[in-house]
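Let's take a walk through this protein, with an eye on its aromatic rings and its nonpolar surface. Have the model open and follow along.

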Amino acid sequence: MHLKATLFLFISILAANTVFSNSITATIRDYYLQKPDSASVNLDSAAMVADSANITTDTITTKSDSPIDDPIFKEAKDSLLYSVDGKKVFLYGEAFVKYQNMELEAAYIEYDMETGIVFAEGRPDSTETIVGKPIFKEGETVFKMERMRYNFKTRKARIYGVITEEADGFLHSEDTKLMPDKTINLKGGKYTTCDKEDPHFYIAITKAKLLPKDKLITGPAFLVIEDVPFPLALPFGFFPTKQKRSSGIVMPEYGEEAERGFFLRGGGLYLGLSDYFDLKLTGGIFSKGSWAGKITSSYRKRYKFSGSFSFDISENITGEKGFTDYSRNMSYWINWNHRQDPKANPNSTFQARLNLGSPTHNRLNAQSIDNFLSNSISSSISYSKVWAGTPFSMTASMNHSQNNRDSSITIGFPKVAFNMNQVHPFKRKSSMGNPKWYEKISLSYSGNLDNSVTTRTDSLLTLNTFDKMRNGVQHRIPIQTSFNLFNYIMLSPSVNYTENWYTKTTLKRWDEENKEVVNEEVNGFKRAYQYNTSVSLSTKVYGMYNFKSDSKVQAIRHVLTPQVGLSYRPDFSKEAYGFYHDVQIDTTGRTTQYSIFEGTLYGGPGKGESGTVSMRLSSNVEMKVLTPKDTTEDTRKIKLLESFNINTGYNMLADSMHWSPISVTARTTLFEKFKINFSSTFNPYGIDERGRTIKDFQYSVNKQFVRLTNARAGVSFSLSGGDKGSGDGNNLPDRDLGSPVLRGMGMGADGNTPFGESIGTDHLDGEYVDFEVPWSMRFDYSFSYSKSGLEARTSQTLSFSGDLSLSPKWKIGFRSGYDFKGKKLTTTSLNFFRDLHCWEMSLSVIPIGYLRSFSFKINVKSGTLRDLKLSRRQSYYDK
C-alpha cells in the first residue's frame, strides 16, 4: 500500500516538472521571437525536443495531399524544437534545412510545415555581433543575406541584405524578391566586382531585375568609390552575365597623333560566334585621311587545338599634299598562331607561328616595343608525324624570314624531311653473350626536299619570284660503329654518302662580243654525289685531388678528353665525275674551273682531295663540397669550369696551307650566378698588304705564333632575393619579372592599348605581377672582336633590368641598356604597379630617346567592368 502511494507521488512530481519545464522553454522562445500564439504547451501534446548538448537530425515527411512531395531534411547543433501542434519547427545553432536542390544554413531557422514558409536569420553572439547569417543555395546560385522568408509551395522568397555572386561580380541588395522562374527583383542594390562585404567601390542601383546567367537590367545608377558618390550617373544600366559567348560593340578611343592627326580607333564589333571561336572587327579613322582596319579571331577546342589569327591593313597618309614630306602608302600585317594539344595525337603534330607584313607597318602601327625595334621577323608552319613502332618519321614545313631594313624576304616552301632513325641491320634478334663487332654497325637515313626563294616584299607575288626559286632533294646515309680498344680507347669508324638532286644547273661560257663570262641556266635533272670516310680515337683522363674528410671542399676532379680523327675525301673536281668544267675568264685565254652546281641549294661536291687529321682537346673541372646538415644529400657538385675546348686540323693532301684555323671555346658559371662564355678563332697563316691570307706562317711575318681573327666574350648574371625567390637567380626567366607593366610603352595586343597598359592577373597573355619575389636584377654584357683582314672591328652591348617590391602591394621595375658606340643609354623604361585589391594602377614611362612616352592607368581588375578605368597616355607618335 505504501509502495503504490510512493510510486504515484513520484510520477505526479515528475509530470509536473516536465510541464513546468516545457512551458518555460516555450514562453522564453515565444517572447524572444515575438510569437505568443505558439506558447500554449501541455503535457498531452508533448512533442517538444530541447537538448542543447547534442546535434539533432530529423526528417519531415509531408502528407500526400501537400504540394511538397519530397522529404525535408533538417539538423541543428544547439537545439531543435517542435511547436505543441507539431506544425512548426525551430532550429538553433548552425541550423540546416535541405529540400530537393535547395539548401539553407543559418544560426536560426523556423519552418511552418502547414504554410511551407521558412524563416532564417543570424543570431547575436556574446559581443552582440550577428553571426550565422543565412546562406541559401539553389542549384549553382548562392545567396548570402541578413534574413529571409521562403515559401516552398510558391517558390517565392523575400530576402533582406542579400549578397550573391553573378558572373564576375557581386550583387548586394537591401530588399530582394526571388520569383519562381528564378528571376530576381531588387531594390536599393549595389553591383561590384570587389569581394569584400563592404566593397571598395560599387555601382549604386535604385532598382533592378536580374535574369541569372543572362543579364542584369537596372534603373538609374551611379558610381560610388569608398562610400563617396561620384557625379557619374546612368539613366539605366545593362550588364551581361551570360556564361557563354555573346556579341557586342567595341567602344573606340579618341586622341591625336603628330603625323596622322585626330583619331577614333579601336572601335568596332565583337561577335561571339560559338563556344569554339569568335570574331572581332575593329577599325580607325584619322583626320588627315589615314584609316586602319583589323580582323581578329581566337579559336579553341579542348584537348585538341587552340590558336588565334589577325589581319591588319592600313593606309597611312602623313604630311601635307604638295609638300616634300607628303607620303601615302598601304601596309598590312598577318599574324597566326596555332598550337596542338599534346594529348590530341601523340604521333602527329601541327604547329604554326606566322608573322608576315609590310616593312613599314610597325612604324605607325607597332603593337609592342619589340615589334617597333625589330629589324627582322620570321615564321614557321610545320606538320610532323612519327610512325609508332618503326624508325621512320616525317616533317613537312614552311618557313619565312624578312629583313625590314632592305625589304628582302626569304621563303622556304614546301619543305619535306623524311628520316629513319639509327638501326642495326646485323644485330641478332635473340642475342646471347657479348655482341659481335659487326652487330654494332648502325645505319640511318635522312632525306630533304627544299624549295627556297629570296626576293623583295613588293615583288613577292610576281612571276619573276617563281623563276628565281631554287629547289633540290638531298639524301644522307651515314654508316658507323664504335668499339673499345684496350678498355680505354674508343674507336669510331664511319662512312658517309650524300647525294643531291637538282632540276637546274649552271653553264658558263666566254662571250667574245662583250668580252665577259656569261652564266646560263640549264634545265634538266642532274644529280651530285660525294662520299667520305673517317675514323676517330678518343679517351678520358681523370685527375682527382682529395681533401681532408672534415674539409668543406671534399675533392676537385679534372677530366681531359683528347680526340684524334682521320678523314678522307676524294677530289670530285676531276673530269671523270663531270661536276666541274673549265671556262675562259679573260682575253688572254686564261681559264678557271667552276662547279655546275653553283648557286644551288646544297652546292656541289668538294673540290680537291682531302686527307685531314683533326685534333680536339676538351676538359672540365668539378668540385665536390659538403652540403648543409638539413639536406638529404651529404655532398654536391659544383662546376668550376664547365667546358674548355681546342680544335684544329691538318690536311695532309693539300698543296699548301695545311693547317686549319684554331678555335678555342670556354664556358663556366661562377658562384652559381655569373655565367661566362668565351669563343675565339686563330689563324696560323699571315696576310699580305692587301689583307689577303697567304701561305706563309704568321710567325714568319711578324714573329707571332698565330693571328687572332675573331673573338667573343659574354657575361650574364641574375639575382633575386626573398623567401619565395630561388636566391641563385638561375631559375629566373629570360624576360623581366613582373607583368606587361615591366615592358616598354606603345600599342598593346589589340592595337589600341599603349605598351604596358594592359596589366593584371587577367591579362590575355597570362603574365602577372609577381610580388612573391621582393627584388630581382639581371645584367647581360657581350664583347666581340673581328679582324679577318687589315681592319679590326669591335662591338659591345650591355642590357640590364630589374624590379623591386616596395611593399606587398607596390612594385617598380626598369629595363635599359648602354650604347658604347653612341655613348648613351638605349631605350629605357620605368614601370610602377600598385595592387588596389579590386583595382590596379600602373604607370609606364620611357623618359628618353625617340620612343619617349608615358602611360598611366587605374582600372578595375575584373573583365566585366573593364571599361571602368581612367587612363592618360602619350605615345611616341602622339602629340
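Is Tyr577 buried, partly exposed or exposed? With a relative accessible area of 24%, Tyr577 counts as partly exposed, because that class runs between 20% and 50%. Keep in mind that you're looking at a predicted model.

Now for the rings in general. A search of the whole structure turns up 31 aromatic pairs. Take Trp501 and Phe525: their ring centres are 5.8 Å apart and their planes meet at 70°, so this pair is edge-to-face. The two residues sit 24 residues apart and link distant parts of the chain, with Trp501 in strand E34 (residues 489-511) and Phe525 in strand E35 (residues 516-538). Trp501 is partly exposed at 34%, while Phe525 is exposed at 56%.

Back to Tyr577, which pairs with Phe579 in a stacked arrangement: 6.0 Å centre to centre, with 25° between the planes.

The charged end of Arg123 sits over the ring of Tyr108, 5.3 Å from its centre, and that of Lys190 sits over the ring of Tyr202, 4.6 Å from its centre.

Trp775, Met777, Leu804, Leu806, Trp810, Leu830 and Phe832 make a nonpolar patch of about 570 Å². Strands E47 (775-786) and E51 (829-836) each supply at least two of its residues. Leu806 lies in the loop between strand E48 (793-805) and strand E49 (810-819), and Leu806 is exposed at 54%.

Technical notes
Residues are numbered from 1 along each chain as its sequence is written. This is a predicted model: local features need pLDDT of at least 70, side-chain atom pairs count only at pLDDT 80 or more; totals for chains, interfaces and linings use all residues. Side-chain values use heavy atoms; hydrogens and water are left out. Patches are made of residues with over 30% relative accessible area and no salt bridge: like charges are joined within 9 Å, nonpolar side chains (Val, Leu, Ile, Met, Phe, Trp, Tyr) within 5 Å. Accessible areas come from the Shrake-Rupley method with a 1.4 Å probe; for residues, only the protein chains shown count as cover. A salt bridge is a side-chain nitrogen of Lys or Arg within 4 Å of a carboxyl oxygen of Asp or Glu. Helices (H or I, at least four residues) and strands (E, at least two) are DSSP runs, numbered from the N terminus. Buried means under 20% relative accessible area, exposed over 50%, partly exposed in between (1.4 Å probe, protein chains only). Rings of Phe, Tyr and Trp (its six-membered ring) pair if their centres lie within 6.5 Å; planes under 30 degrees apart count as stacked, over 60 as edge-to-face and the rest as tilted. A charge sits over a ring if NZ of Lys or CZ of Arg is within 6 Å of the ring centre and within 35 degrees of the ring normal.
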